[in-house]
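Please keep the sequence and the 3D view at hand while reading.

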Amino acid sequence: MAVAGELKRRIGETHVLFVTGRRRMETEILKRSGYPQVSVSAEGLKGMGWGRGIVSLVKLPLGLLQSLRILDQFGPDLVLGVGGYSSGPVCLAAWLKGIPTAIHEQNSFPGLTNRLLCRIVDAVFISFEESRSHFPGGRLILTGNPVRKELLEAGPAGEDHPFTILVTGGSQGARAVNRAFVEALEILKRMGREPDVIHQTGELDYESISKTYQERGLKGEVHAFIRDMARAYSRADIVVGRAGATTVSELSALGKPSILIPYPHAANDHQVTNARVLTRAGGAEMILERDLNGESLARTLLRYMEDPSALKAMGEKAAAVGSRDAAVAIADHLLEMIGRDPAKT
């Protein structure tokens, strides 16, 4: 969406079509944003059991045929794949039709789809230097991970605002993070510390976590899903959450201190690798889920609540590794791929 927005800003007459799998949340987000969207039959192969794996393989030819039909109907000048399951058949179809094609890898450890597609596409955009060694040959371009313009334009909260913690496990939430944070909040309350809280639980945990806040007398805004992330980030002094590529990129671009709890079952443990990009620079702390509990989280939060200078330094170090112009860089290269001068658009 960030790249699409940049292209539309540069060239007024720009038509964008998102091709996704069949996840409801993707469809809803795109619908709210006003972008047209279609779906193809595509599922992951890695980590599947035999039964699911066979079903996924059977769907591959169908997804390719659907993609060829979509490209015929839409007639794109170029195709950009962003690593989801649908990228595979759509980028393959574009290659077969001779349409300029690029992919973008958000994670430090590339997913299987992009590791296969890199052999046929015209350009590979990467978010982290750590990704480079996983792509054999090809045109590799380090751009960073695009961050939505509204996040970059949101100003920080005033200096006199209460200490605020933003908790997010990603769009789907994270049960282990939700439970540990509630325990940590109780511990902080017993110590006489009651920070402001913005807590995105995900749909599955929303009712139970909301009820826990009420029953235990805890203060905080509890949401199943936060639509205005710009406001949430601007208010937050520190962020607690997973280490997905988008989250890590947003935190670094915005210079937000964070406590990252990588999802332990991510493919190739890529969330740990993502988190290390920030922790090595001093821009975040990492707690592995096996070590996560209310006490450890409360102790870490309290340390930064009581030491504003350390919190500020963490944010500055996060910003030092961040990229605020990745969408611009990707748009530049895409325009060059179709013979347009980026400087004249």
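Which residue in β9 does Gln200 stand opposite? Gln200 stands opposite His223 in β9.

## Basis of the description

The model is predicted, so that local features need pLDDT of at least 70 and side-chain atom pairs count only at pLDDT 80 or more, whereas totals for chains, interfaces and linings use all residues. Residues are numbered from 1 along each chain as its sequence is written, and side-chain values use heavy atoms, with hydrogens and water left out.

Strands (DSSP runs of E, at least two residues) and helices (DSSP runs of H or I, at least four residues) are numbered from the N terminus, and two strands pair if DSSP finds at least two bridges between them.

Strand β8 (residues 196–200) pairs with β9 in the parallel sense over 3 bridges. Contact here means heavy atoms within 4.5 Å, and angles run from 0 to 180 degrees between N-to-C directions of axes, which are lines fitted to C-alpha atoms, for helices over the stretch in contact.

## The sheet of 4 strands

Another open sheet, with parallel pairing, has 4 strands in the order β3-β4-β5-β6. Because β3 (79–81) and β6 (140–142) stand at the edges with a single partner strand each, one side of each is left without a neighbour in the sheet. From one strand to the next, the twist averages 25 degrees.

Within this sheet, β4 (residues 101–105) and β5 (residues 123–126) run parallel and are joined by 4 bridges; Ala102 stands opposite Ala123 in β5.
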